[in-house]
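Here's a quick tour of a protein chain for you. Have the sequence and the 3D view ready, and we'll take it topic by topic.

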Amino acid sequence: MLNLGSEVLKLKNSGIEMLHFDVMDGIFVNNITFGLPILQQVRKQSDITLDVHLMIKEPAKYIKRFAEAGADIISFHVESDSDPAETLKAIRSCGVSPAVALKPATPAETVFDLLPYLDMVLVMTVEPGFGGQSFIPETVDKIRSIRSKITEMGLDVNVEVDGGINSETAAVVRRAGANVLVSGSYLFHAADMAAAANALKEDMIC
Ligand code: ZN
């Protein structure tokens, strides 16, 4: 049997600070993964930060369930059918840190009015739905304009990137203002996960 507690401990010991769960409903994206049971199991066995990314059509309906399962952060898509301001409020009222996510083609300005009500903006750097895709370079300008708007408004908001992150793209997005990096394939295929995780955190001098 898979011992989730010791697996998560291994990740923590490699310098990984949060676990990112992709939740897909088969409607908003074609893939289906509904992570509630896994999330509950990990929560029981670890205190690691659980970052839940809802790629679903009606996120507002499921906030409570993911909050109860142990999510620390919940992000949902501005392109979903739920009202963004209401959904952010619902997440906050469950004691969870609220975040919005944007698909690669969605302009930065879409989230500007929401910035005072959230803790993090998740910029998708690949099309949502499947792992292992290549980073879309056009998303870098969007990271930059979201970060400068946050600074201009004097807010304390994290900018997370999700998709195609490796040691090279990590340096690019960090320079553009991202400070939370999601990485799957790159870390799990690395011979030395701790070294790979470290490479994502280091600022490259160019
Ligand atoms: Zn994700």
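How many bridges join β3 to strand β4, and do the two run parallel or antiparallel? Four bridges link β3 with β4 (residues 73-77), and the two strands run parallel. Before going further, keep in mind that what you're looking at is a predicted model. The chain holds eight helices and eight strands. Its radius of gyration is 16 Å, close to the 17 Å that the globule rule gives for 206 residues, so the chain is as compact as a globular protein of that length.

**Overall build**

- Along its principal axes, the C-alpha trace of the chain spans about 45 × 40 × 30 Å.
- Out of 206 residues in the chain, 47% count as buried.
- Take the contacts between residues at least 6 apart in sequence: 59% of them join residues at least 24 apart.

**Surface and charge**

- You'll find 18 positive and 27 negative side chains in the chain.
- The centres of those two charge sets lie 4 Å apart.

**The sheet as a whole**

- Eight strands come together in an open sheet, and the pairing is mixed.
- If you walk across the sheet, the order is β2-β1-β3-β4-β5-β6-β7-β8.
- The edge strands are β2 (32-33) and β8 (180-182), and each of them pairs on one side only.

**Strand β1 and its two partners**

- Strand β1 covers residues 18-25 and pairs with β2 in the antiparallel sense, over two bridges.
- To spot this pairing in the 3D view, look for Met-24, whose bridge partner in β2 is Thr-33.
- β1 is also joined to β3, this time by seven bridges, with the strands running parallel.

**Strand β3, between β1 and β4**

- In the sheet order, β3 sits between β1 and β4.
- Is β3 (residues 49-55) largely enclosed or largely open? Six of its seven residues are buried, so strand β3 is largely enclosed by the rest of the structure.
- On the β4 side, where four bridges make the link, you can find His-53 standing opposite Ser-75.

Definitions and conventions
Residues are numbered from 1 along each chain as its sequence is written. This is a predicted model: local features need pLDDT of at least 70, side-chain atom pairs count only at pLDDT 80 or more; totals for chains, interfaces and linings use all residues. Side-chain values use heavy atoms; hydrogens and water are left out. The radius of gyration is taken over C-alpha atoms; the globule rule is 2.2 Å times the number of residues to the power 0.38. Buried means under 20% relative accessible area, exposed over 50%, partly exposed in between (1.4 Å probe, protein chains only). Contact means heavy atoms within 4.5 Å. Lys and Arg count as positive and Asp and Glu as negative; His and the chain ends are not counted. The place of a charge is taken as NZ of Lys, CZ of Arg, CG of Asp or CD of Glu. Two strands pair if DSSP finds at least two bridges between them.
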